[in-house]
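Here are my notes on the dimer model you passed along. I have set them out as numbered points so that you can check each one against the coordinates.

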Protein chains: 2
Amino acid sequence: MKLNQNYANLKDSYLFSTIAKKAAAHIEANSNAEVIRLGIGDVTRPLPAAAIEAMQGAVTDMSQAATFKGYGPEQGYPFLREAIRDYYATKGVTLDANEIFVGDGAKSDIGNILDIFAKDNNVIIPDPVYPAYLDANVMDGRPIYYIQGNEENGFLPMPGAIEAQNIKPHIIYMCSPNNPTGATYNKEQLKAWVDYALANKAVILFDAAYECFITNDSLPTSIFEIEGATKCAIEICSLSKVAGFTGVRCGYTIISKELVVDGTSLAAMWLRRQTTKFNGVSYIVQKGAAAALSPEGLKQCRENVEYYLENAKLISKTLTELGIWHTSGNAPYIWLKCPQGLSSWEFFDKLLAEANIVGTPGAGFGSCGEGFFRLSAFNTRENVEKAMERIRKVF
Amino acid sequence: MKLNQNYANLKDSYLFSTIAKKAAAHIEANSNAEVIRLGIGDVTRPLPAAAIEAMQGAVTDMSQAATFKGYGPEQGYPFLREAIRDYYATKGVTLDANEIFVGDGAKSDIGNILDIFAKDNNVIIPDPVYPAYLDANVMDGRPIYYIQGNEENGFLPMPGAIEAQNIKPHIIYMCSPNNPTGATYNKEQLKAWVDYALANKAVILFDAAYECFITNDSLPTSIFEIEGATKCAIEICSLSKVAGFTGVRCGYTIISKELVVDGTSLAAMWLRRQTTKFNGVSYIVQKGAAAALSPEGLKQCRENVEYYLENAKLISKTLTELGIWHTSGNAPYIWLKCPQGLSSWEFFDKLLAEANIVGTPGAGFGSCGEGFFRLSAFNTRENVEKAMERIRKVF
């Protein structure tokens, strides 16, 4: 019996475990230290009331034979797929509910969608970015190429970065708004990517997990706002950020009927993959998700999103006052350039030692993240305000 | 961009869609026909009260900042892994909670576990069996070999069936109690399989989804009741049948620390797979699962299991009276030999036309299922009694 040898090529990620260890050591050495954590990409506010009510109702459904639900459709209940379709209609994107595949989160779908692609496709990954894209492809042994985000391109690499490397692109990852930088492509930039993918017969895997944080109305919240995208892109999104579902687990993948390669429908392949290796999302969770995406639910979601965005504004304001370069505006993250020429980890250590604040070193998201740092707005207003006072004192 | 060409080798399964079509046509042609469905492998009774209560509490937790839960551990909350460990202790199996990996169902884990194995392993699949084993391996392009279940071996093929084909076994699927036949290996038989796997350095993927239906105390409900299994077997199980969680979605995979191949821990590989392509099961679901596996919850689960088993007994009694060969006793299914020399589908048609009963043709579970038929005990007592009256009239 042979194991998948590609796993031997995975690099251990010590990012979050190192952060946890350093924070624990600091707290032990400074017993009075009141550490504020602005490091985690996880929501902190309770679920919208509409989702709570719907899930209480769904649990009650499961307690009575007449309303009990067994196996549901692998693709998701029509009531949820229709709610997602209606959510996209508010973005001006017309979908058929059959093009929507409900899953248990963007991370699962982003990993599992690779099943439908051959192992020898060239994979293009932006740097810095969410680390799971890389590992999922290393596990399959695909050749991986990076395109660099930096201050010059506003952390928004364009197709020229592929052409410059003389690579034939097959699978292109995009994350907009980007985790960790918050950088968000505009329509013209996305159009250039769609045209490039069509011209090169590449497929774009578009991670839209942070779409709800886009505040600038002119920026696209879905790649399907771009003409031609239905023929070259798969969009993967999640309820985690818009509805605070990180612990509830619900996401979805959108594949248009028009996405056909060599006569094969990618939506049909994904459906086959899911009906073979997945059995649908919990009925209770789907009821909560549909309620969160209802007009009333979305109003409540919006309040939570605004709360985090207000936190982000406070952080940005402080950094602007201090003259620290950073991006902000369309994400729950502030991506800053470490002051005083510090490296990502040097800044981490200084921030922890002198301000009792835990953040995330940018180097953990790729080599282009070195010298940068991510601060998260997922916390209480009170903690963010306190953290900003401390940063003002230190810098 | 190249697609995964192995998908072209998948055969379309028309089993359940054909059943649905035939049933619908029958109902349309016979407007007064009161059709009873004994075809589906899905529970029908409401969840145990303990699970309902725990999930209501968990939903409430999500409504308040102080008790809100975001991302949980990918491997599952300790409270659930400990509840599963304690459940196994009642079987006489000692596990470490770290050897238990919580997932969203056995179907997902059975498919996804293949990620950690190379694509050129020989795969051994019993026939008849649950169809997802086959398709998940076809998608990866692995060579597949069948071992036959039949009346002579009580639908329990033994290692000799592999040796007779002169195959080097790498990955061996086992399903005990078997879906669809209900056939259950005894300790001596499982010991022979474990010894064979160890001698051949093969890995057994042991699907224990139907373990709760084993009524004969001498039969093992886990492969880890067998000495040596920790070094060669992965057990995959589910809350779907024991706790009625088919629509709630929770399962688990057990990999011992002792399962090491070429110096590599398979548990470590699986953890890496799950932390990369999975983000844990819903907190709400995990709370419900832990409550279902509590002593009080298990008592309630047991009542539901007994109910289905009583249905199975009624079906078995009728078939015995009619002199129809069948297996029964440790499963919610009755596996019968079609009377009058009928094929699986001929019997399906006759049962539907003359008794208004929908069952599942055995041929749908593999070529060795031809001439056999599966009746499910997942229904109300009233419907099962009514169905048996009808069968008595027809045969």
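**Notes on the two chains and their contact**

1. By salt bridge I mean a side-chain nitrogen of Lys or Arg within 4 Å of a carboxyl oxygen of Asp or Glu. Between chain B and chain A the count is eight salt bridges.

2. Before going further, a word on conventions. This is a predicted model, in which local features need pLDDT of at least 70 and side-chain atom pairs count only at pLDDT 80 or more, while totals for chains, interfaces and linings use all residues. Residues are numbered from 1 along each chain as its sequence is written, chains are lettered from A and ligands numbered from 1 in the order in which they are written, and side-chain values use heavy atoms, with hydrogens and water left out.

3. How much area do chain B and chain A bury between them? The figure is about 6200 Å², and 56% of it lies on carbon and sulfur atoms. Buried area here is the accessible area (1.4 Å probe) that two parts lose on being put together, summed over both. On the chain B side, B:Met1, B:Arg272 and B:Lys277 supply 14% of the area buried against chain A, more than any other three residues.

4. In terms of contact (heavy atoms within 4.5 Å), 73 residues of chain B touch 73 residues of chain A. There are also 38 residue pairs in polar contact between chain B and chain A, both residues being at pLDDT 80 or more. A polar contact is a pair of N or O atoms within 3.5 Å; within protein, one must be able to donate a hydrogen and the other to accept it, and residues adjacent in sequence count only if both atoms are side-chain atoms.

5. Which helices of chain B each supply at least two residues of the side that touches chain A? They are α2 (49–61), α4 (106–112), α5 (132–140), α8 (266–277) and α9 (283–292). Helices (H or I, at least four residues) and strands (E, at least two) are DSSP runs, numbered from the N terminus. With seven residues, α8(B) gives the most to that side.

6. The same surface serves both copies, as 100% of the contact residues of chain B recur in chain A.

7. Within chain A, please look at the salt bridge between the side chains of A:Asp96 and A:Lys257 (3.3 Å, N to O). The two residues are 161 residues apart: A:Asp96 is in the loop between α3 (78–89) and β2 (100–103), and A:Lys257 is in the loop between β8 (251–255) and β9 (260–261).

8. Lastly, chain A has an open antiparallel sheet of four strands, in the order β11-β12-β15-β14. At its edges, β11 (326–327) and β14 (360–361) of chain A each have a single partner strand, so one side of each is left without a neighbour in the sheet. Strands count as paired if DSSP finds at least two bridges between them; two bridges join β14(A) to the antiparallel β15 (residues 372–376) of chain A, and A:Thr360 stands opposite A:Arg374 in β15(A).
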